[in-house]
Amino acid sequence: MTNQTTQTNDTAFAQAPAPDARRAMSHHLSGWLLASPIALVLTGFLLLPIIMIVVVSFWGATEFSIYPAFQFDNYAFLLGSEVTYRVFLNTFRYAAITWALTLLIGFTVAYFLAFHVRSLNWQIGLFLFCTIPFWTSNIIRMISWIPFLGRNGLANSTLLSWGVIDQPVEWLLFSDFSVILAFVHLYTLFMIVPIFNTMMRIDRSLLEAAADAGASGWQTLWNVIVPLTKPGIMIGTIFVITLVMGDFITVRFMSGSQSANVGRLISNDIALLQYPSASATAVILLITVLLMIATLLRFVDIRKEL
Amino acid sequence: MDPRPRSFYILSAFFALFLIFLYGPTITIAILSFQGPQGGLTFPMRGVSLYWFRDLFEQQAVGDIWGSFRRSLILGLMVMTTTVVASVMGGLAFRKRFAGSTALFYLIVTSLVIPSILVSLGVGLIFSQSGLRVHWSTSGFGAQLTWTLPFGLLIMFAVFNRFDRSYEEAASDLGASPWQTVRHVVLPIIAPSLIGVALFGFTLSYDEFARTLLTAGSYNTLPLEIFGMTTNVTTPVIFALGTLTTVFSFLVIGIFLLLFWYLGKRRARQGTDAGKGLV
(Lines give C-alpha, C1' and ligand atoms only; values in the text may rest on other atoms or scores of the structure.)
Protein backbone atom coordinates (compact mmCIF):
# COMPACT_ATOMS: atom_id res chain seq x y z
CA MET A 1 0.00 0.00 0.00
CA THR A 2 2.70 2.46 1.06
CA ASN A 3 4.87 1.47 -1.87
CA GLN A 4 2.03 1.97 -4.25
CA THR A 5 1.35 5.51 -3.17
CA THR A 6 5.01 6.47 -3.30
CA GLN A 7 5.27 4.93 -6.74
CA THR A 8 2.32 6.89 -8.13
CA ASN A 9 3.76 9.96 -6.47
CA ASP A 10 7.09 9.34 -8.14
CA THR A 11 5.65 8.90 -11.65
CA ALA A 12 3.48 11.95 -11.22
CA PHE A 13 6.55 13.76 -10.04
CA ALA A 14 8.36 12.93 -13.28
CA GLN A 15 5.53 14.16 -15.50
CA ALA A 16 4.48 17.37 -13.82
CA PRO A 17 7.24 18.68 -11.59
CA ALA A 18 5.80 21.95 -10.32
CA PRO A 19 2.73 21.17 -8.15
CA ASP A 20 3.81 17.65 -7.24
CA ALA A 21 7.25 18.72 -6.19
CA ARG A 22 5.54 20.87 -3.62
CA ARG A 23 3.39 17.94 -2.55
CA ALA A 24 6.41 15.66 -2.27
CA MET A 25 8.11 18.34 -0.22
CA SER A 26 5.19 18.73 2.17
CA HIS A 27 5.02 14.97 2.40
CA HIS A 28 8.66 14.81 3.52
CA LEU A 29 8.05 17.77 5.82
CA SER A 30 5.13 16.13 7.63
CA GLY A 31 7.25 12.99 7.99
CA TRP A 32 10.08 14.95 9.54
CA LEU A 33 7.79 16.90 11.84
CA LEU A 34 6.10 13.76 13.10
CA ALA A 35 9.38 11.90 13.54
CA SER A 36 11.21 14.85 15.11
CA PRO A 37 10.57 14.01 18.81
CA ILE A 38 12.01 10.52 18.38
CA ALA A 39 14.84 11.78 16.19
CA LEU A 40 15.73 14.48 18.73
CA VAL A 41 15.74 12.13 21.72
CA LEU A 42 17.76 9.48 19.92
CA THR A 43 20.26 12.04 18.64
CA GLY A 44 20.76 13.59 22.06
CA PHE A 45 20.70 10.49 24.20
CA LEU A 46 21.93 7.75 21.87
CA LEU A 47 23.94 9.08 18.93
CA LEU A 48 25.85 11.79 20.80
CA PRO A 49 26.61 9.48 23.76
CA ILE A 50 27.98 6.86 21.36
CA ILE A 51 30.16 9.49 19.68
CA MET A 52 31.25 10.70 23.11
CA ILE A 53 32.22 7.17 24.15
CA VAL A 54 34.24 6.70 20.96
CA VAL A 55 36.01 10.04 21.55
CA VAL A 56 36.73 9.36 25.22
CA SER A 57 38.06 5.89 24.40
CA PHE A 58 41.14 7.67 22.97
CA TRP A 59 41.59 9.87 26.03
CA GLY A 60 44.01 9.38 28.87
CA ALA A 61 43.33 9.00 32.58
CA THR A 62 45.09 9.63 35.83
CA GLU A 63 43.95 8.13 39.09
CA PHE A 64 41.16 10.64 39.59
CA SER A 65 40.68 12.59 36.39
CA ILE A 66 40.54 12.11 32.64
CA TYR A 67 42.15 14.35 30.04
CA PRO A 68 41.60 14.78 26.28
CA ALA A 69 44.19 13.08 24.10
CA PHE A 70 44.41 10.97 21.00
CA GLN A 71 46.19 7.84 22.00
CA PHE A 72 45.63 4.16 21.41
CA ASP A 73 46.84 3.14 24.88
CA ASN A 74 43.42 2.02 26.05
CA TYR A 75 42.92 -0.25 23.07
CA ALA A 76 46.50 -1.49 23.16
CA PHE A 77 46.10 -2.42 26.80
CA LEU A 78 42.69 -3.97 26.22
CA LEU A 79 43.64 -6.04 23.19
CA GLY A 80 47.00 -6.99 24.68
CA SER A 81 45.50 -8.35 27.87
CA GLU A 82 44.65 -11.99 28.19
CA VAL A 83 41.84 -11.12 30.63
CA THR A 84 39.89 -9.37 27.86
CA TYR A 85 39.72 -12.47 25.72
CA ARG A 86 38.78 -14.66 28.65
CA VAL A 87 36.00 -12.29 29.68
CA PHE A 88 34.67 -11.95 26.13
CA LEU A 89 34.71 -15.73 25.78
CA ASN A 90 32.80 -16.07 29.03
CA THR A 91 30.24 -13.51 27.81
CA PHE A 92 29.73 -15.46 24.58
CA ARG A 93 29.34 -18.62 26.63
CA TYR A 94 26.61 -17.04 28.78
CA ALA A 95 24.89 -15.77 25.62
CA ALA A 96 25.04 -19.14 23.86
CA ILE A 97 23.76 -21.20 26.80
CA THR A 98 21.02 -18.70 27.67
CA TRP A 99 20.00 -18.53 24.01
CA ALA A 100 19.69 -22.30 23.70
CA LEU A 101 17.66 -22.65 26.91
CA THR A 102 15.34 -19.70 26.30
CA LEU A 103 14.73 -20.87 22.73
CA LEU A 104 13.87 -24.38 23.87
CA ILE A 105 11.56 -23.24 26.66
CA GLY A 106 10.15 -20.27 24.74
CA PHE A 107 9.35 -22.34 21.66
CA THR A 108 7.66 -25.05 23.69
CA VAL A 109 5.54 -22.59 25.66
CA ALA A 110 4.57 -20.62 22.55
CA TYR A 111 3.78 -23.84 20.68
CA PHE A 112 1.55 -25.00 23.51
CA LEU A 113 -0.29 -21.66 23.63
CA ALA A 114 -0.67 -21.29 19.88
CA PHE A 115 -1.59 -24.83 18.85
CA HIS A 116 -2.84 -26.70 21.90
CA VAL A 117 -4.94 -24.11 23.69
CA ARG A 118 -8.14 -23.96 21.72
CA SER A 119 -10.07 -20.91 22.81
CA LEU A 120 -8.78 -17.44 22.02
CA ASN A 121 -9.68 -16.12 25.47
CA TRP A 122 -7.61 -18.82 27.15
CA GLN A 123 -4.76 -18.14 24.76
CA ILE A 124 -4.75 -14.43 25.59
CA GLY A 125 -5.19 -15.07 29.30
CA LEU A 126 -2.35 -17.58 29.59
CA PHE A 127 -0.15 -15.45 27.35
CA LEU A 128 -0.72 -12.45 29.63
CA PHE A 129 0.10 -14.64 32.61
CA CYS A 130 3.49 -15.31 31.00
CA THR A 131 4.17 -11.65 30.25
CA ILE A 132 3.20 -10.01 33.55
CA PRO A 133 6.58 -10.66 35.26
CA PHE A 134 8.19 -8.73 32.44
CA TRP A 135 6.56 -5.58 33.80
CA THR A 136 7.96 -6.04 37.29
CA SER A 137 11.40 -5.25 38.64
CA ASN A 138 14.33 -7.37 37.42
CA ILE A 139 16.32 -6.69 40.55
CA ILE A 140 13.54 -7.94 42.79
CA ARG A 141 13.20 -11.01 40.59
CA MET A 142 16.90 -11.69 41.08
CA ILE A 143 16.71 -11.15 44.83
CA SER A 144 13.85 -13.62 45.03
CA TRP A 145 16.17 -16.49 44.10
CA ILE A 146 18.12 -16.12 47.35
CA PRO A 147 15.70 -18.04 49.59
CA PHE A 148 15.61 -20.76 46.95
CA LEU A 149 19.25 -21.27 46.17
CA GLY A 150 21.10 -20.19 49.28
CA ARG A 151 23.09 -22.53 51.52
CA ASN A 152 20.05 -22.97 53.77
CA GLY A 153 17.62 -22.36 50.96
CA LEU A 154 14.62 -24.33 49.82
CA ALA A 155 16.49 -26.32 47.18
CA ASN A 156 19.16 -27.51 49.59
CA SER A 157 16.79 -28.33 52.44
CA THR A 158 14.50 -30.24 50.07
CA LEU A 159 17.37 -32.25 48.62
CA LEU A 160 18.71 -32.91 52.12
CA SER A 161 15.36 -34.14 53.39
CA TRP A 162 15.00 -36.43 50.38
CA GLY A 163 18.44 -37.82 51.12
CA VAL A 164 19.75 -36.95 47.65
CA ILE A 165 22.70 -35.10 49.22
CA ASP A 166 24.27 -35.31 52.71
CA GLN A 167 25.47 -31.71 52.93
CA PRO A 168 24.27 -28.46 51.35
CA VAL A 169 25.34 -27.91 47.76
CA GLU A 170 27.43 -24.76 47.48
CA TRP A 171 27.21 -24.08 43.77
CA LEU A 172 23.49 -23.26 43.64
CA LEU A 173 23.85 -19.58 44.47
CA PHE A 174 26.71 -17.29 43.44
CA SER A 175 27.88 -19.44 40.57
CA ASP A 176 27.59 -19.70 36.79
CA PHE A 177 24.58 -21.91 37.43
CA SER A 178 22.65 -19.17 39.22
CA VAL A 179 23.69 -16.59 36.61
CA ILE A 180 22.28 -18.70 33.77
CA LEU A 181 19.20 -19.54 35.82
CA ALA A 182 18.51 -15.84 36.36
CA PHE A 183 19.06 -15.05 32.69
CA VAL A 184 16.60 -17.74 31.66
CA HIS A 185 14.17 -16.56 34.31
CA LEU A 186 14.36 -12.94 33.17
CA TYR A 187 14.58 -13.31 29.41
CA THR A 188 12.59 -16.39 28.26
CA LEU A 189 9.72 -13.98 27.78
CA PHE A 190 11.57 -12.23 24.98
CA MET A 191 11.48 -15.53 23.09
CA ILE A 192 7.87 -16.42 23.89
CA VAL A 193 6.35 -13.15 22.69
CA PRO A 194 7.76 -12.97 19.13
CA ILE A 195 7.51 -16.74 18.56
CA PHE A 196 3.89 -16.79 19.76
CA ASN A 197 3.14 -13.79 17.56
CA THR A 198 4.51 -15.53 14.46
CA MET A 199 2.82 -18.83 15.29
CA MET A 200 -0.58 -17.18 15.62
CA ARG A 201 -0.25 -15.99 12.04
CA ILE A 202 0.40 -19.44 10.58
CA ASP A 203 -2.50 -20.47 8.36
CA ARG A 204 -4.12 -23.46 10.12
CA SER A 205 -5.07 -25.06 6.81
CA LEU A 206 -1.35 -25.70 6.20
CA LEU A 207 -1.34 -28.00 9.23
CA GLU A 208 -4.40 -29.83 7.96
CA ALA A 209 -2.79 -30.16 4.55
CA ALA A 210 0.32 -31.63 6.15
CA ALA A 211 -1.78 -34.08 8.14
CA ASP A 212 -3.82 -35.01 5.06
CA ALA A 213 -0.61 -35.63 3.15
CA GLY A 214 0.30 -38.14 5.84
CA ALA A 215 2.74 -36.18 7.98
CA SER A 216 3.09 -37.27 11.58
CA GLY A 217 2.87 -34.70 14.38
CA TRP A 218 6.65 -34.43 14.59
CA GLN A 219 7.00 -34.08 10.82
CA THR A 220 4.44 -31.27 10.77
CA LEU A 221 6.23 -29.58 13.65
CA TRP A 222 9.67 -29.85 12.06
CA ASN A 223 8.84 -29.30 8.39
CA VAL A 224 5.95 -26.85 8.60
CA ILE A 225 5.79 -25.02 11.92
CA VAL A 226 9.49 -24.53 12.64
CA PRO A 227 10.33 -23.04 9.21
CA LEU A 228 7.31 -20.73 9.36
CA THR A 229 8.26 -19.62 12.89
CA LYS A 230 11.81 -18.66 11.95
CA PRO A 231 11.19 -14.88 11.83
CA GLY A 232 9.85 -14.96 15.39
CA ILE A 233 12.79 -17.07 16.52
CA MET A 234 15.16 -14.55 14.96
CA ILE A 235 13.56 -11.58 16.73
CA GLY A 236 13.61 -13.44 20.04
CA THR A 237 17.25 -14.34 19.42
CA ILE A 238 18.14 -10.69 18.81
CA PHE A 239 16.57 -9.68 22.11
CA VAL A 240 18.10 -12.44 24.20
CA ILE A 241 21.58 -12.13 22.70
CA THR A 242 21.74 -8.35 23.13
CA LEU A 243 20.33 -8.45 26.65
CA VAL A 244 22.82 -11.07 27.80
CA MET A 245 25.79 -9.58 25.94
CA GLY A 246 25.18 -6.16 27.47
CA ASP A 247 24.25 -7.30 30.97
CA PHE A 248 26.38 -6.49 33.98
CA ILE A 249 24.02 -6.46 36.90
CA THR A 250 22.72 -10.02 36.69
CA VAL A 251 26.23 -11.43 36.48
CA ARG A 252 27.42 -9.26 39.32
CA PHE A 253 24.52 -10.05 41.59
CA MET A 254 23.93 -13.72 40.83
CA SER A 255 27.61 -14.70 40.75
CA GLY A 256 28.32 -12.82 43.97
CA SER A 257 30.97 -10.88 42.02
CA GLN A 258 32.81 -14.12 41.29
CA SER A 259 32.27 -14.31 37.53
CA ALA A 260 33.03 -11.68 34.94
CA ASN A 261 31.50 -10.61 31.68
CA VAL A 262 32.21 -7.63 29.46
CA GLY A 263 29.55 -5.48 31.12
CA ARG A 264 31.19 -5.98 34.50
CA LEU A 265 34.57 -5.10 33.02
CA ILE A 266 33.05 -1.78 31.95
CA SER A 267 31.23 -1.15 35.22
CA ASN A 268 34.35 -1.94 37.26
CA ASP A 269 36.32 0.62 35.26
CA ILE A 270 33.51 3.12 35.80
CA ALA A 271 33.60 2.50 39.54
CA LEU A 272 37.36 3.26 39.47
CA LEU A 273 36.65 6.42 37.40
CA GLN A 274 38.70 4.97 34.54
CA TYR A 275 36.29 6.29 31.91
CA PRO A 276 38.65 6.10 28.90
CA SER A 277 39.37 2.46 29.52
CA ALA A 278 35.66 1.77 30.15
CA SER A 279 34.86 3.54 26.88
CA ALA A 280 37.35 1.48 24.90
CA THR A 281 35.81 -1.72 26.23
CA ALA A 282 32.37 -0.31 25.50
CA VAL A 283 33.33 0.45 21.89
CA ILE A 284 34.57 -3.10 21.35
CA LEU A 285 31.42 -4.51 22.96
CA LEU A 286 29.20 -2.28 20.82
CA ILE A 287 30.98 -3.34 17.61
CA THR A 288 30.65 -7.00 18.61
CA VAL A 289 26.93 -6.70 19.38
CA LEU A 290 26.14 -4.68 16.24
CA LEU A 291 27.98 -7.20 14.05
CA MET A 292 25.99 -10.04 15.61
CA ILE A 293 22.71 -8.18 15.12
CA ALA A 294 23.55 -7.17 11.56
CA THR A 295 24.11 -10.84 10.78
CA LEU A 296 20.80 -11.82 12.38
CA LEU A 297 18.90 -9.02 10.62
CA ARG A 298 19.86 -10.53 7.26
CA PHE A 299 17.45 -13.35 8.06
CA VAL A 300 14.45 -11.27 9.09
CA ASP A 301 12.65 -8.07 8.15
CA ILE A 302 11.59 -6.74 11.55
CA ARG A 303 9.01 -4.25 10.31
CA LYS A 304 7.24 -6.85 8.21
CA GLU A 305 7.01 -9.30 11.10
CA LEU A 306 5.32 -7.03 13.61
CA MET B 1 -14.29 -31.43 19.50
CA ASP B 2 -11.58 -34.01 19.00
CA PRO B 3 -10.18 -35.64 22.11
CA ARG B 4 -6.94 -34.04 23.30
CA PRO B 5 -3.80 -35.74 22.00
CA ARG B 6 -1.33 -37.09 24.56
CA SER B 7 1.10 -34.28 23.69
CA PHE B 8 -1.42 -31.81 25.10
CA TYR B 9 -1.03 -33.23 28.60
CA ILE B 10 2.75 -33.32 28.40
CA LEU B 11 2.87 -29.73 27.17
CA SER B 12 0.35 -28.62 29.80
CA ALA B 13 2.58 -30.06 32.48
CA PHE B 14 5.56 -28.30 30.95
CA PHE B 15 3.64 -25.03 30.87
CA ALA B 16 2.57 -25.43 34.50
CA LEU B 17 6.21 -26.04 35.51
CA PHE B 18 7.22 -22.95 33.57
CA LEU B 19 4.67 -20.84 35.43
CA ILE B 20 5.94 -22.18 38.76
CA PHE B 21 9.47 -21.31 37.66
CA LEU B 22 8.26 -17.84 36.66
CA TYR B 23 6.24 -17.00 39.76
CA GLY B 24 7.69 -19.32 42.43
CA PRO B 25 10.52 -17.07 43.60
CA THR B 26 8.27 -14.00 43.79
CA ILE B 27 5.72 -15.89 45.84
CA THR B 28 8.49 -17.16 48.10
CA ILE B 29 9.73 -13.69 48.99
CA ALA B 30 6.14 -12.55 49.45
CA ILE B 31 5.74 -15.27 52.09
CA LEU B 32 9.11 -14.57 53.67
CA SER B 33 8.39 -10.86 53.99
CA PHE B 34 5.93 -11.81 56.75
CA GLN B 35 8.79 -13.25 58.84
CA GLY B 36 8.72 -12.66 62.57
CA PRO B 37 11.17 -10.12 64.03
CA GLN B 38 13.79 -12.84 64.58
CA GLY B 39 13.43 -14.31 61.11
CA GLY B 40 16.14 -14.43 58.47
CA LEU B 41 16.40 -14.35 54.68
CA THR B 42 15.49 -18.03 54.27
CA PHE B 43 13.00 -20.50 55.63
CA PRO B 44 12.01 -21.54 58.26
CA MET B 45 9.54 -18.84 59.20
CA ARG B 46 10.12 -17.68 62.76
CA GLY B 47 6.59 -16.55 63.45
CA VAL B 48 4.34 -14.47 61.27
CA SER B 49 4.25 -10.70 61.57
CA LEU B 50 4.06 -7.40 59.78
CA TYR B 51 7.27 -6.39 61.53
CA TRP B 52 9.33 -5.80 58.36
CA PHE B 53 6.61 -3.85 56.62
CA ARG B 54 6.32 -1.61 59.67
CA ASP B 55 10.07 -1.23 59.50
CA LEU B 56 9.73 0.17 56.00
CA PHE B 57 7.25 2.79 57.10
CA GLU B 58 8.93 3.79 60.36
CA GLN B 59 12.65 4.13 60.38
CA GLN B 60 14.60 5.66 57.58
CA ALA B 61 17.85 3.91 58.49
CA VAL B 62 17.51 1.77 55.36
CA GLY B 63 17.68 4.79 53.09
CA ASP B 64 15.34 7.15 51.38
CA ILE B 65 12.79 4.61 50.19
CA TRP B 66 9.76 6.85 49.99
CA GLY B 67 11.67 9.66 48.35
CA SER B 68 13.00 7.29 45.73
CA PHE B 69 9.55 5.80 45.22
CA ARG B 70 8.13 9.27 44.62
CA ARG B 71 10.90 10.07 42.13
CA SER B 72 10.40 6.78 40.29
CA LEU B 73 6.67 7.42 40.12
CA ILE B 74 7.07 10.93 38.67
CA LEU B 75 9.78 9.81 36.26
CA GLY B 76 7.63 6.88 35.17
CA LEU B 77 4.71 9.20 34.40
CA MET B 78 6.99 11.59 32.51
CA VAL B 79 8.48 8.78 30.45
CA MET B 80 5.06 7.25 29.86
CA THR B 81 3.52 10.47 28.52
CA THR B 82 6.48 11.25 26.29
CA THR B 83 6.62 7.69 24.99
CA VAL B 84 2.94 7.63 24.05
CA VAL B 85 3.03 10.99 22.26
CA ALA B 86 6.35 10.43 20.48
CA SER B 87 5.48 6.85 19.48
CA VAL B 88 2.14 7.80 17.95
CA MET B 89 3.79 10.63 16.02
CA GLY B 90 6.62 8.36 14.96
CA GLY B 91 4.21 5.61 13.99
CA LEU B 92 2.26 8.06 11.80
CA ALA B 93 5.50 9.36 10.28
CA PHE B 94 6.76 5.90 9.37
CA ARG B 95 3.63 5.02 7.42
CA LYS B 96 5.18 6.91 4.51
CA ARG B 97 8.74 6.97 3.41
CA PHE B 98 10.47 10.25 4.03
CA ALA B 99 14.04 11.31 3.41
CA GLY B 100 16.12 9.82 6.21
CA SER B 101 13.47 7.36 7.39
CA THR B 102 15.73 4.35 6.82
CA ALA B 103 18.56 5.93 8.79
CA LEU B 104 16.17 6.77 11.62
CA PHE B 105 14.84 3.23 11.59
CA TYR B 106 18.33 1.82 12.04
CA LEU B 107 18.96 4.30 14.84
CA ILE B 108 15.84 2.95 16.55
CA VAL B 109 17.05 -0.64 16.13
CA THR B 110 20.43 0.40 17.57
CA SER B 111 18.65 1.96 20.52
CA LEU B 112 16.95 -1.35 21.16
CA VAL B 113 20.05 -3.54 20.97
CA ILE B 114 22.72 -1.29 22.49
CA PRO B 115 23.95 -2.56 25.87
CA SER B 116 22.23 -0.30 28.39
CA ILE B 117 25.41 0.45 30.30
CA LEU B 118 26.70 2.25 27.19
CA VAL B 119 23.79 4.68 27.27
CA SER B 120 24.43 5.22 30.96
CA LEU B 121 28.15 5.77 30.40
CA GLY B 122 27.76 7.98 27.32
CA VAL B 123 25.07 10.25 28.74
CA GLY B 124 26.97 10.49 32.02
CA LEU B 125 30.16 11.47 30.17
CA ILE B 126 28.42 14.13 28.07
CA PHE B 127 26.86 15.70 31.14
CA SER B 128 30.02 15.65 33.22
CA GLN B 129 32.26 16.94 30.43
CA SER B 130 29.94 19.80 29.56
CA GLY B 131 29.68 20.79 33.20
CA LEU B 132 26.02 19.87 33.59
CA ARG B 133 24.82 18.05 36.64
CA VAL B 134 23.19 14.68 36.07
CA HIS B 135 19.69 14.51 37.49
CA TRP B 136 17.02 11.84 37.23
CA SER B 137 14.57 14.24 35.58
CA THR B 138 16.97 15.36 32.82
CA SER B 139 19.75 12.89 31.99
CA GLY B 140 17.89 9.99 33.61
CA PHE B 141 14.73 10.87 31.73
CA GLY B 142 16.51 10.99 28.36
CA ALA B 143 18.46 7.82 28.99
CA GLN B 144 15.26 5.91 29.82
CA LEU B 145 13.53 7.19 26.69
CA THR B 146 16.18 5.45 24.55
CA TRP B 147 14.72 2.18 25.88
CA THR B 148 10.98 2.96 26.01
CA LEU B 149 10.66 4.81 22.67
CA PRO B 150 11.82 1.89 20.48
CA PHE B 151 9.36 -0.40 22.29
CA GLY B 152 6.54 2.09 21.84
CA LEU B 153 7.39 2.53 18.20
CA LEU B 154 7.54 -1.20 17.53
CA ILE B 155 4.04 -1.50 19.00
CA MET B 156 2.87 1.34 16.76
CA PHE B 157 4.39 -0.39 13.73
CA ALA B 158 2.43 -3.50 14.63
CA VAL B 159 -0.73 -1.44 15.08
CA PHE B 160 -0.45 0.43 11.80
CA ASN B 161 0.46 -2.75 9.91
CA ARG B 162 -3.03 -3.97 10.82
CA PHE B 163 -4.75 -0.63 10.32
CA ASP B 164 -7.47 -0.52 7.67
CA ARG B 165 -6.78 2.58 5.59
CA SER B 166 -10.25 2.69 4.09
CA TYR B 167 -11.48 4.40 7.29
CA GLU B 168 -9.17 7.30 6.62
CA GLU B 169 -10.04 7.40 2.96
CA ALA B 170 -13.73 7.49 3.89
CA ALA B 171 -13.06 10.35 6.31
CA SER B 172 -11.20 12.43 3.77
CA ASP B 173 -13.81 11.65 1.12
CA LEU B 174 -16.34 13.14 3.50
CA GLY B 175 -14.23 16.26 3.67
CA ALA B 176 -12.27 15.77 6.88
CA SER B 177 -8.96 17.61 7.11
CA PRO B 178 -5.84 15.49 7.83
CA TRP B 179 -5.90 16.64 11.45
CA GLN B 180 -9.60 15.86 11.81
CA THR B 181 -8.99 12.43 10.33
CA VAL B 182 -6.29 11.72 12.90
CA ARG B 183 -8.24 13.21 15.80
CA HIS B 184 -11.67 11.69 15.10
CA VAL B 185 -10.88 8.52 13.15
CA VAL B 186 -7.32 7.23 13.67
CA LEU B 187 -6.83 8.01 17.37
CA PRO B 188 -10.12 6.49 18.58
CA ILE B 189 -9.41 3.33 16.59
CA ILE B 190 -5.87 2.88 17.96
CA ALA B 191 -6.74 4.05 21.51
CA PRO B 192 -6.61 0.58 23.15
CA SER B 193 -3.11 -0.02 21.75
CA LEU B 194 -2.01 3.30 23.23
CA ILE B 195 -2.82 1.82 26.64
CA GLY B 196 -0.29 -0.88 25.80
CA VAL B 197 2.34 1.69 24.86
CA ALA B 198 1.65 3.56 28.08
CA LEU B 199 2.01 0.37 30.11
CA PHE B 200 5.38 -0.33 28.51
CA GLY B 201 6.49 3.27 28.98
CA PHE B 202 5.61 3.37 32.65
CA THR B 203 6.78 -0.05 33.78
CA LEU B 204 10.03 -0.08 31.79
CA SER B 205 10.89 3.28 33.33
CA TYR B 206 9.74 2.36 36.82
CA ASP B 207 11.95 -0.76 36.84
CA GLU B 208 14.88 0.55 34.82
CA PHE B 209 18.22 0.10 36.45
CA ALA B 210 21.23 0.08 34.11
CA ARG B 211 20.32 3.17 32.10
CA THR B 212 19.67 5.22 35.23
CA LEU B 213 22.77 4.03 37.10
CA LEU B 214 25.11 6.82 35.97
CA THR B 215 22.46 9.30 34.95
CA ALA B 216 20.27 9.69 38.04
CA GLY B 217 22.70 11.82 40.03
CA SER B 218 22.60 12.09 43.79
CA TYR B 219 18.90 11.32 44.14
CA ASN B 220 18.22 7.62 43.60
CA THR B 221 15.27 6.12 41.81
CA LEU B 222 13.64 3.12 43.49
CA PRO B 223 15.52 0.35 41.61
CA LEU B 224 18.84 2.05 42.40
CA GLU B 225 17.81 2.33 46.04
CA ILE B 226 16.85 -1.35 46.16
CA PHE B 227 20.10 -2.36 44.54
CA GLY B 228 21.99 -0.30 47.10
CA MET B 229 20.11 -2.18 49.81
CA THR B 230 21.15 -5.58 48.45
CA THR B 231 24.76 -4.88 49.38
CA ASN B 232 24.20 -3.85 52.99
CA VAL B 233 20.77 -5.00 54.17
CA THR B 234 20.58 -8.59 55.34
CA THR B 235 17.12 -8.63 56.92
CA PRO B 236 13.75 -9.52 55.40
CA VAL B 237 13.00 -5.80 55.14
CA ILE B 238 14.29 -6.05 51.57
CA PHE B 239 11.72 -8.79 50.87
CA ALA B 240 9.01 -6.56 52.32
CA LEU B 241 10.07 -3.77 49.99
CA GLY B 242 10.26 -6.21 47.06
CA THR B 243 6.78 -7.48 47.83
CA LEU B 244 5.36 -3.97 48.09
CA THR B 245 6.83 -2.78 44.77
CA THR B 246 5.74 -5.98 43.04
CA VAL B 247 2.22 -5.51 44.39
CA PHE B 248 2.36 -1.95 43.15
CA SER B 249 3.48 -3.16 39.69
CA PHE B 250 0.64 -5.70 39.64
CA LEU B 251 -1.83 -2.93 40.51
CA VAL B 252 -0.52 -0.75 37.70
CA ILE B 253 -0.67 -3.64 35.22
CA GLY B 254 -4.18 -4.48 36.41
CA ILE B 255 -5.38 -0.90 35.94
CA PHE B 256 -3.91 -0.74 32.44
CA LEU B 257 -5.39 -4.09 31.45
CA LEU B 258 -8.83 -3.06 32.74
CA LEU B 259 -8.58 0.20 30.83
CA PHE B 260 -7.54 -1.71 27.71
CA TRP B 261 -10.47 -4.08 28.08
CA TYR B 262 -12.89 -1.22 28.75
CA LEU B 263 -11.74 0.81 25.73
CA GLY B 264 -11.98 -2.26 23.49
CA LYS B 265 -15.53 -2.88 24.74
CA ARG B 266 -16.53 0.73 24.24
CA ARG B 267 -15.08 0.77 20.78
CA ALA B 268 -17.00 -2.39 19.88
CA ARG B 269 -20.19 -0.82 21.22
CA GLN B 270 -19.83 2.56 19.55
CA GLY B 271 -18.00 1.48 16.43
CA THR B 272 -21.15 0.42 14.66
CA ASP B 273 -24.57 1.95 14.38
CA ALA B 274 -26.12 -1.24 13.12
CA GLY B 275 -29.51 -1.87 14.66
CA LYS B 276 -29.88 1.71 15.87
CA GLY B 277 -32.10 2.71 13.02
CA LEU B 278 -31.54 5.99 11.22
CA VAL B 279 -29.12 8.28 13.01
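**The contact between chain A and chain B**

Good morning. The contact that I will describe takes 91 residues from chain A and 97 residues from chain B, where contact means heavy atoms within 4.5 Å. This is a predicted model, in which local features need pLDDT of at least 70, side-chain atom pairs count only at pLDDT 80 or more, and totals for chains, interfaces and linings use all residues. Side-chain values use heavy atoms, with hydrogens and water left out.

Let me turn to the area. About 8200 Å² is buried between chain A and chain B, and carbon and sulfur atoms give 82% of it; buried area is the accessible area (1.4 Å probe) that two parts lose on being put together, summed over both. A:Arg118, A:Trp135 and A:Arg303 supply 10% of the area that chain A buries against chain B, more than any other three residues.

How many salt bridges are there between chain A and chain B? The count is zero, a salt bridge being a side-chain nitrogen of Lys or Arg within 4 Å of a carboxyl oxygen of Asp or Glu.

On the side of chain A that touches chain B, the largest share, 21 residues, comes from helix 2 (residues 17–56) of chain A. Helices here are DSSP runs (H or I, at least four residues), numbered from the N terminus.

Finally, one residue of chain B. Not counting residues up to four places away in sequence, B:Leu118 touches A:Ile53, A:Ile266, A:Ala282, A:Leu285 and A:Leu286. Thank you.

Notes. Residues numbered from 1 in each chain as written. Chains lettered and ligands numbered in written order. Helix = DSSP H or I, 4+ residues; strand = E, 2+ residues; numbered from the N terminus.
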